[in-house]
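Here is a walk through one protein model, from a single position out to the whole chain. Please keep the sequence and the coordinates at hand while reading.

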Amino acid sequence: PWVKSVSIRKLYPSTLEVVIVEREPFALWQRAGPVSRLDREGRVIGPYDDPRFSGLPLVVGEGADRRATEIIDLLDQTPAVRSRVRASILVAERRWTLKLSDGVDVKLPETDAGAALATLARLDREHGLLNRDVAALDFRLADRVTVRLTEAAAQRRNETIRVRAPNAAGQPAARPAAATAAPAAPARPAVATPPERPGRTT
């Protein structure tokens, strides 16, 4: 599978010249567990068994081998996004979901994925979108981007909304009061000592 082409030429009087062109690994492809090496045409060269190829882009899913060039070439146009991509997953052989190195899912549309990637790169450049507490970004609708927050970020947002929401009297809800300890019994007189230096808050 490593051999792409072979040419043989006879050189007179008694020499044969053999030229072998090898297939070059272009991407890694995972389907149902095993990982294989692909050339640019999507042909399997062999199993992924050499760490020298760990830097190749990874595509996942049925049919991803035949469309690896498509998504890799698109990512090459947005280097800031590509540097964050851990794997490109082909969903139902129709569209791509990018799995980023920090676990964020980027759902690309079935058509015009390049425009979605350009929008993602712009939003990240202008607003630092990929550095925020997001779990998924959905670009499947042409007129909007849907953002799903991480669980922790969603809880913080809900708490902020609850605090700001007006109560029945039309006033903002009061923030929870800090717990107040019961008055302590008078302490026995003690010998005065110098105040301690502030310690590190834990």
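In which strand is V91 found? V91 is part of strand 7, where helices (H or I, at least four residues) and strands (E, at least two) are DSSP runs, numbered from the N terminus. The coordinates are a predicted model, in which local features need pLDDT of at least 70 and side-chain atom pairs count only at pLDDT 80 or more, while totals for chains, interfaces and linings use all residues. Residues are numbered from 1 along each chain as its sequence is written, and side-chain values use heavy atoms, with hydrogens and water left out.

V91 has a relative accessibility of 30% and therefore counts as partly exposed; buried means under 20% relative accessible area, exposed over 50%, and partly exposed in between (1.4 Å probe, protein chains only). Although V91 and G63 are 28 residues apart along the chain, their C-alpha atoms are separated by 9.3 Å.

Strand 7 covers residues 85-91 and also holds S88. Is S88 buried or exposed? S88 counts as buried because its relative accessibility is 4%. Setting aside neighbours within four places in sequence, S88 is in contact with L58, V59, V60, I71, L75, W96, T97 and L98, a contact being heavy atoms within 4.5 Å.

The phi angle of A92 is near 55°, a positive value in a residue other than glycine. A92 has a relative accessible area of 56%, so A92 is exposed. E93 belongs to the loop between strand 7 and strand 8 as well, and its phi is also positive, near 55°, again in a residue other than glycine. With a relative accessible area of 41%, E93 is partly exposed.

Another loop, between strand 1 (3-11) and strand 2 (15-22), contains P13. The peptide bond that joins Y12 and P13 is cis, with omega at about 10°.

V3, V6, I8, L16, V18 and I20 make a nonpolar surface patch of about 590 Å². Strand 1 and strand 2 are the elements that give two or more residues to this patch. One of the patch residues, I20, sits in strand 2 and is exposed, because its relative accessible area is 53%.

Now the chain as a whole. Its secondary structure comes to 4 helices and 11 strands. Of its 202 residues, 30% count as buried. Among contacts with a separation of 6 or more, 35% are between residues 24 or more positions apart. The chain exposes about 14,500 Å², of which carbon and sulfur atoms supply 53%; accessible areas come from the Shrake-Rupley method with a 1.4 Å probe, and for residues only the protein chains shown count as cover.

How far can the coordinates be read? The average pLDDT of the chain is 82, and 79% of the residues score at least 70, pLDDT being the predictor's confidence in each residue, from 0 to 100. Over residues 175-202 the pLDDT is below 50, and this stretch has 2 contacts in the model beyond near neighbours in sequence. Where pLDDT is low, the predicted coordinates should not be read in detail.

Technical notes: Patch = residues over 30% accessible without salt bridge, like charges linked within 9 Å, V, L, I, M, F, W, Y side chains within 5 Å. Salt bridge = Lys/Arg side-chain N within 4 Å of Asp/Glu carboxyl O.
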